[in-house]
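Colleague: Please go through the labels used for this chain, with the cut-off behind each one.

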Amino acid sequence: MNEGNPFLELQMIAGGYCLPRCLHVVAELGVADALDETPRTAHELAQAVGVNANALTRVLRLLCAHGVFAVDGHTIVHTPVSRLLRSDHPQSMRAFARMLGLDINWRIFKSLGQSVHTGNTATQAVVPDGYWHYFAEHPEAAGIFNAAMVGKTHAQIAGIMASHDFSGFACIGDIGGGSGHLLCAVLDAAPEANGVLFDLPHVIKEDAPLASDRITLQAGDFFKDDLPVCDLYLLMEVVHDWPDEEATDILSAIRRAAPAGAKLLVIEEMLSGEPGPEWAKVLDILMLGLLGGRQRTRVEHQALLEAAGFAFTREIPTGSGASIIEAVAA
């Protein structure tokens with residue numbers, strides 16, 4: 001609508017933070033949960049979640065304009081996008097929207113200018129002990145963050161599983177694998193394999209119910225501790241958390257543990273190198289401000305892998321936002 005009018009385009013971008021903030025608020029309130037398949041008025045939804053009806057009406061009007069919910073006469077109905085905000089959706093992204101709306105993230109991005117000036121994280125100005133330390137000290141926020149990562153992984157797993165053959169491996173290691181959802185899906189597809197879930201001690205403690213005759217839990221720090229010996233390694237959305245030097249250190253730690261010929265799958269949102277909008281460019285700024293990491297192109301990933309002793313073999317788009325960068329221990 002504003003294409004070709006520089007004033008209107010800039011105006012929309014400058015005030016654009018209102019749109020995601022509205023999304024965060026309705027995700028926090030559970031508005032999508034209050035709306036089932038029966039259309040309801042905004043006033044009825046406001047009563048259901050206990051908020052001001054006039055204000056919620058205006059928030060929903062903006063969200064409907066962008067495809068999050070829709071208007072049908074005088075009522076609000078679901079769209080495919082708003083259904084993802086329901087807690088009971090199998091690929092629910094409600095926790096993801098709540099996580100990005102956490103107060104700590106808004107406080108950090110208020111200081112994004114510091115990142116631009118220094119190249120360091122904006123987090124340093126708000127949480128000097130670091131982003132992960134904040135979550136260690138705030139369990140409620142940590143719960144939302146962990147649920148967000150689980151939801152995002154669930155949304156991407158189907159594309160990952162359809163894009164690669166996981167058969168033929170004896171031991172599969174998920175490094176920094178969090179709650180283990182990816183590893184569990186891979187082992188379901190490869191019943192002859194066993195798996196090792198490696199992550200920090202406080203994460204592995206939460207994963208205790210996953211331990212079985214097929215899944216070994218190994219606590220440690222990939223910058224300090226030995227990694228498991230496997231013939232396939234999974235590394236999903238870990239490398240982007242770190243600058244190049246630390247990212248290379250992580251890949252090198254895997255290479256030290258990996259037998260020659262072992263396969264590594266680095267799963268990340270890829271920068272295409274094209275000029276248009278893409279989620280990876282947004283995620284790149286999130287990494288800049290929060291953690292000091294970055295999103296990378298295929299060529300940049302290839303350079304990191306080769307520096308760590310891996311030979312790049314191919315990039316596999318999954319159709320779910322992420323790509324699989326496949327490499328072999330040289």
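This is a predicted model: local features need pLDDT of at least 70, side-chain atom pairs count only at pLDDT 80 or more; totals for chains, interfaces and linings use all residues.

Modeller: Residues are numbered from 1 along each chain as its sequence is written, and side-chain values use heavy atoms, with hydrogens and water left out.

Colleague: Why is α2 called oblique to α5?

Modeller: Helix α2 covers residues 18–29 and helix α5 residues 53–65; they pack at about 120°, with axes 10 Å apart. Helices here are DSSP runs of H or I with at least four residues, strands are runs of E with at least two, and both are numbered from the N terminus. Axes are lines fitted to C-alpha atoms, for helices over the stretch in contact, and angles run from 0 to 180 degrees between N-to-C directions. Angles under 35 degrees count as roughly parallel, over 145 as roughly antiparallel, 65 to 115 as roughly perpendicular and the rest as oblique. The angle of about 120° therefore makes α2 oblique to α5.

Colleague: Which residues make that contact, and how do they divide by class?

Modeller: On α2 they are C18, L19, C22, L23 and V26, and on α5 they are L56, V59, L60, L62 and L63. Contact means heavy atoms within 4.5 Å. The residues divide into 10 nonpolar, no polar and no charged. Nonpolar means Ala, Val, Leu, Ile, Met, Phe, Trp, Tyr, Cys and Pro; charged means Asp, Glu, Lys and Arg; the others, Gly among them, are polar.

Colleague: What makes α12 roughly parallel to α13?

Modeller: Helix α12 (residues 139–163) and helix α13 (residues 181–189) pack at about 30°, their axes 9 Å apart. That angle makes α12 roughly parallel to α13. In the contact, V150, T153, H154, I157, I160 and M161 of α12 face H181, L182, A185, V186 and A189 of α13. By class there are 8 nonpolar, 3 polar and no charged residues.

Colleague: Which residues of α4 and α5 meet?

Modeller: A42, H43, L45, A46 and V49 in α4 meet A53, L56, T57 and L60 in α5. This contact has 7 nonpolar, 2 polar and no charged residues.

Colleague: What makes α1 hardly covered?

Modeller: Helix α1 (residues 6–14) has a count of 0 buried residues among its 9 residues. Buried means under 20% relative accessible area, exposed over 50% and partly exposed in between, with a 1.4 Å probe and protein chains only. At its N-terminal end α1 is capped by N5, where a side-chain oxygen lies 3.2 Å from the backbone nitrogen of F7.

Colleague: Why does E237 count as buried?

Modeller: E237 has 15% relative accessibility, and therefore counts as buried. E237 is found in the loop between β6 (232–236) and α15 (244–257), and has a positive phi of about 50° although it is not a glycine.

Colleague: How do you know that E237 and K152 are joined by a polar contact?

Modeller: Their side chains are joined at 2.8 Å. A polar contact is a pair of N or O atoms within 3.5 Å; within protein, one must be able to donate a hydrogen and the other to accept it, and residues adjacent in sequence count only if both atoms are side-chain atoms. Leaving aside neighbours within four places in sequence, E237 is in contact with K152, Q156, I267, E268 and E269.

Colleague: Is F69 buried or exposed?

Modeller: F69 is buried, because its relative accessible area is 1%. F69 is placed in the loop between α5 and β1 (70–72), and has a positive phi of about 75° although it is not a glycine.
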